[in-house]
Amino acid sequence: MSQAGTNREIGQSRWHAWWVNGGLALLAVISLAPLAWMVSVSFMPSGQASQFPPPLLPSHTTVANYQALFARTGMGNNFVNSLLVSVGITLGSLLFNTLAGYAFAKLRFAGRERIFQMLLAALVIPAQVAMLPLFLLMKQLGLVNTFGGVVIPALASVFGIFLVRQYARSIPDELLEAARIDGASEARIFFQIVLPMLKPVLVTLAIFTFMGAWNDFMWPLIVLTDQEHYTLPVALASLSREHIMDVEMMMAGAVVTVLPVLLLFLVLQRYYIQGLLLGSVKG
């Protein structure tokens, strides 16, 4: 191939890369623009966001909206509620989903495949369909308007079991059989051999679960009736009804709600992507 042809191909490749990267950058800007404006409005003086056309930046930066948010609305208590509920759901989900996923992947018992197929079939059922019977069950157990009523139904999920099972199938059977021959109990095999090997997928599952629990709105709204027990999404919806004209305060509440999960994802995104990729390759 001639030098001119080679240079032409390099030039075309560079232009193609510019177009692709430029398009991706444009999409990123469009996606992040509402989030950036939300943060900007949260630092605006009261009433500035209602002007027309809406300003992009505050005339002068103020934290009065955040001060009023925590002083007048009790958002700090709601933040603690969300943290307790999300951490409880995440820890419980890791325990139960990991045990169930490992059992479906490596333990032999009657009806294993049939039970797993039934669980997968449950994925096509909308969650809203199960909310009424689930609420009635929580009522019979006396868990309405308690954090237990929010946490217990989320301790195990079909998706979590499926994710752990697919990853656990990559663990060599020979390794587990060797441990059994050496006299190790099933509990010791799980905690000392299997659990360390599941670390990448456990980080991925923890991120999924924490973000889902933190952002969940519908179920806490149904099962929690006392404002003192509200989680952040429910409290933010209640705030929007009470302070519908105070856009700046509502945006401050939205920032408080979004920021923790956003920071968590940014810090752990490497492990999150690693767990997804390894699970998809090894599963």
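This is a predicted model: local features need pLDDT of at least 70, side-chain atom pairs count only at pLDDT 80 or more; totals for chains, interfaces and linings use all residues.
The protein contains 13 helices and 0 strands. Of its 283 residues, 35% count as buried. The protein exposes about 16,700 Å², and carbon and sulfur atoms supply 69% of that area. Among the contacts with a separation of 6 or more, 71% are made by residues 24 or more positions apart.

The mean pLDDT of the protein is 84, and 89% of its residues reach 70 or more. Confidence is highest in helix α6 (residues 147-151), at 93, and lowest in helix α13 (residues 247-282), at a mean of 74.

The interior may be considered next. In soluble globular proteins, nonpolar side chains tend to be buried together. Here the largest nonpolar core has 30 residues, of which Leu69, Met75, Val150 and Trp219 touch the most other members. Several helices each supply at least two residues of this core, including α2 (64-72), α3 (75-106), α5 (127-140) and α6. The largest share, 6 residues, comes from α13. Val150 illustrates how such a residue is surrounded: apart from neighbours within four places in sequence, Val150 is in contact with Val85, Ile89, Trp219, Pro220, Val223 and Leu224. A second, separate core of 17 residues includes Ala105, Leu163, Ile171 and Leu205.

Helix α13 also holds Glu248. Is Glu248 buried or exposed? Its relative accessible area is 1%, and since buried means under 20%, Glu248 counts as buried. Neighbours within four places in sequence aside, the contacts of Glu248 include Val41, Ser42, Met44, Pro45 and Asn65.

The aromatic residues complete the picture. A pair of aromatic rings is described by the distance of the centres and the angle of the planes. A search of the whole structure finds 9 aromatic pairs. One of them joins Phe116 and Phe162, which are stacked, at 6.4 Å centre to centre and with 15 degrees between the planes. Phe116 lies in helix α4 (residues 112-121) and Phe162 in helix α7 (residues 158-168), so this pair ties together parts that are 46 residues apart in sequence. Phe116 counts as buried, at 5% relative accessibility, whereas Phe162 is partly exposed, with a relative accessible area of 31%. A further pair, Phe190 and Phe191, is edge-to-face: the centres are 5.0 Å apart and the planes stand at 85 degrees. Phe190 is buried, at 6% relative accessibility.

Phe116 and Phe162 also belong to one aromatic cluster with Phe104 and Phe109.

Methods
Residues are numbered from 1 along each chain as its sequence is written. Side-chain values use heavy atoms; hydrogens and water are left out. Rings of Phe, Tyr and Trp (its six-membered ring) pair if their centres lie within 6.5 Å; planes under 30 degrees apart count as stacked, over 60 as edge-to-face and the rest as tilted. Helices (H or I, at least four residues) and strands (E, at least two) are DSSP runs, numbered from the N terminus. Buried means under 20% relative accessible area, exposed over 50%, partly exposed in between (1.4 Å probe, protein chains only). pLDDT is the predictor's confidence in each residue, from 0 to 100. Contact means heavy atoms within 4.5 Å. Accessible areas come from the Shrake-Rupley method with a 1.4 Å probe; for residues, only the protein chains shown count as cover. A nonpolar core is a set of buried Ala, Val, Leu, Ile, Met, Phe, Trp, Tyr and Cys residues joined through side-chain atoms within 4.5 Å.
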